[in-house]
Amino acid sequence: LSCHDRGGDFREAMTEAGAENGDGAGAGEGQELMPGVTLHVLERRSEPESFAEYGGRVAFKLSCHDRADGLELFADQALSVRLGDGDVVPGVELALRYLGPGDRARVCCAHRFAFGLSGRPAKHEGERAIAAEQDVDFIVAVSTVDPNTPVAGMALDERLREADCKRQSGNIFFLYEDWARATRCYAAALKALEGAENEEDAAEPDTAGHIHSLLVDCGNNLALAHLRLDDPKKAEDACIAVLSLDPANVKALYRAGVATKLMGRYDEARLALDRALELDPSNKAVVKELRNLQAKRLEYRQKDARIAQAMGAKLFAKQEEGVVNTPPSIQGERARALSQSPASAPTTQPKETSGSDRVPMEEVASTNSKPLHKRQLASSFAVIGALALLGAAMAWFATVAWGPDVTWGEWW
């Protein structure tokens, strides 16, 4: 790499201005990591060997500015993310692959690599809302970089730190109502703690309390995030996991009641909410949900009663009209039999009949049902009689051919 001065002390002045204003002017054109993401290194204190690798954990502070007017949107947000997990916007996660401990850089991101089509609301004092499709610049200051270590190979204290980091990332997404990413972070935190309470180091009171707190907090938040995503079954599963650790946890009981109500299991919802109210009688959310549940159960019963009443009225109306549920094939057969019977054959040319004088097909079928049954009975008697005659003829033939002394067994 060679560098040439283009205009006296111009580059030095721009470098000083960039370092002072934090806009990266001294970095020149910067490095385009991909179309829409450009990295401007403002301060380099690390060597390439210490850069973060995929799967490594990076702790850093993040500030955000509007690309158009340079207005600060939020500042000095402390984060700790594992590269590849998607716990930070894509543009920043890509830039962290080129930074090490002590480095400071500006990352210019198009909206599709920042907060996309949804933007981000302002939740803290001093923050500004980020609009949809807003291009922004991030200032990244890296503090530490840890190597990629699988969770399965971590010691208990490292797993606790991993779960803490995932919980913090989940809390940020939870705060800004990004429920899908929040559920992913909380689920990762719970996975890092699988079997932790059974390890030897977990016998210490402080460690056991820390593990219990992480499991309960992440489980409760996971349940609420699943409810926001309209997935009551997964929310119920998360509540059951919390209640297995803390049966008197009011949040878990309340959210379990909401989840079972959404699935139509009103009796179970009532039990969970009654227990929550018994533990915390002043909880307004539980009282409100019990009222909603009572109204829902009343609405369900009224709807069920209306359906039963409508079905009963329809059935009684059919019985009064004399309508018989006869298959269409039999109805057609009865109609043909009636039309072919001598009694129904007209002696003179039939007259045109009005709509009121015509007999419905259902009445024809019902009035013709009795003669058809008589014909079926007569046919049955005829078959029985024919079989009896055949038996008598066989007996007579046996007597004539072999004589009266031949027994039936010998003849057979």
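In which helix is the place of Asp157? Asp157 lies in helix H3, residues 156-175.

## Basis of the model

This is a predicted model, in which local features need pLDDT of at least 70, side-chain atom pairs count only at pLDDT 80 or more, and totals for chains, interfaces and linings use all residues. Residues are numbered from 1 along each chain as its sequence is written, and side-chain values use heavy atoms, with hydrogens and water left out.

Helices (H or I, at least four residues) and strands (E, at least two) are DSSP runs numbered from the N terminus.

Val58 has Val81 in E4 as its bridge partner. The two strands, E3 and E4, form a hairpin with 5 residues between them, and Gly70 in the turn has a positive phi of about 75°.

Glu133, in the loop between strand E5 (104-109) and strand E6 (136-146), has a positive phi near 60°. Glu133 is exposed (over 50% relative accessible area; buried is under 20%, partly exposed in between; 1.4 Å probe, protein chains only), with a value of 52%.

Asp230 also has a positive phi near 60°. Asp230 is found in the loop between helix H5 (205-228) and helix H6 (232-245), and counts as exposed at 67% relative accessibility.

## Exposure of Asp157

Asp157 in helix H3 is likewise exposed, with a relative accessible area of 55%.

Technical notes. Pairing = 2+ DSSP bridges.
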